[in-house]
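Me: Hi! I've got a protein to look at and I'm new to this. Could you walk me through a few bits of it?
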Amino acid sequence: MAATRYSLRLMEVFRTVFYTPIHVAVAGGFLESEGLDVSFSSCPPDLGSVPNALNQGVADISGSGVMRSIIESDSGAQTVLPHFAAINSRDGFFVLGRESGDGFRWDSLSGATVIPVGFSAMPWASFQFALRKNGVDPQSLSLIPDLPLPDAVAAFKSGQGDFIHLPEPAAEQLIADGTASLSVALGPVNGHIAYSSFAAAEAYLERNTETVHRFIRGYARGLTWLRENDPATVGDAVSGFFPDVPSELITKSVARYKEQGTWPATPHLEQPEFEGLQEILMGAGMVKEHQPYAKIVRPELVREALA
């Protein structure tokens, strides 16, 4: 008798090397080996957001920012989209400038024109936290806001802005073509936070426990593989997700993320990182009060799957 297989519609917010843990799990066969038949996609723009995709039944599980659930809870929602497994445990964005980064000083951002990518409020909130932490008032920056990633890059290449705020591989591409130099990586500045994690609708989690457990086990083995292999090996494994980017830049992107400890060793989405994220949201004025970890995170799912 053939073994039972389970279908899974897996989604990411957008395509970036920041989400390498997802790509490794898919391309490395770790989910398939758990009996999952996975269809993988990026969130379509017409849906607006991952929560919409999950709540409308377009996807089963997706990477997302727990920020959204925290904000909804702070606004009074009794139930919010639950998160259950960590994807990134640090900020994965970088500040690039036109001058050599060797002499970068935080106060050089005061009064500068900056292009923060505009697809989500979270990267800018984290950037503001880093600015305040280093004595710079975010209000002192002149922003070119609300640009999608390709438009932000095009604007900077055309001469607009003194600094630009990007994830990989876009950052590596601008460095490689001589347009910009790395000023500062925000991940090490802001420490370990629950930046990105997997979410699913409550009804899906309740009705598909076996599929969710299989997903977590496969994903956990992918994280172990990611931790144990060098950037070149990881880059080779995920470069197919970036057909328009030279493979050596994918490898450099992976190396930069690994060097700063961007990705978790296990899927556990722990409370200290969750609280660290809430500090950033409160600092940006996006929430008024700390929200209960137990209301938003389902840590028992990872514990049960890996027991």
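Reply: Happy to! By class, the second largest pocket is lined by 2 nonpolar, 6 polar and 4 charged residues. Keep in mind that this is a predicted model.

Me: Ok, what volume does the second largest pocket have?
Reply: Its volume is about 160 Å³.

Me: And which residues are closest to its centre?
Reply: Those are Glu-99, Ser-100, Ser-108, Phe-163 and Ser-183, out of 12 residues that line the second largest pocket.

Me: Switching to strands. Does strand 6 run parallel or antiparallel to strand 7?
Reply: Parallel: strand 6 (residues 113-116) is joined to strand 7 (residues 142-143) by 2 bridges. In one of these pairings, Val-114 has Leu-143 of strand 7 as its bridge partner.

Me: How many bridges are there between strand 6 and strand 8?
Reply: There are 3, and strand 8 (residues 163-166) also pairs with strand 6 in the parallel sense. Here Pro-116 has His-165 in strand 8 as its bridge partner.

Me: Nice. Now helices: at what angle do helix 10 and helix 11 pack?
Reply: Helix 10 (residues 231-238) and helix 11 (residues 247-259) pack at about 125 degrees, and their axes are 8 Å apart. That angle is why helix 10 counts as oblique to helix 11.

Me: Is the crossing left-handed or right-handed?
Reply: Right-handed, as helix 10 passes helix 11.

Notes. Residues numbered from 1 in each chain as written. Predicted model: local features only at pLDDT ≥ 70, side-chain atom pairs only at ≥ 80, totals over all residues. Heavy atoms only, no water. 1 Å grid on protein atoms, 1.4 Å probe; cavity = no way out; pocket = protein on both sides within 12 Å on 5 of 7 lines; lining within 4 Å. Points joined across faces, edges and corners; volume = space filled by probe spheres on them. Nonpolar A, V, L, I, M, F, W, Y, C, P; charged D, E, K, R; others polar. Pairing = 2+ DSSP bridges. Helix = DSSP H or I, 4+ residues; strand = E, 2+ residues; numbered from the N terminus. Axes fitted to C-alpha atoms, helices over the stretch in contact; angles between N-to-C directions. Parallel < 35°, antiparallel > 145°, perpendicular 65-115°, else oblique. Left-handed = near helix turned anticlockwise from the far one by under 90°.
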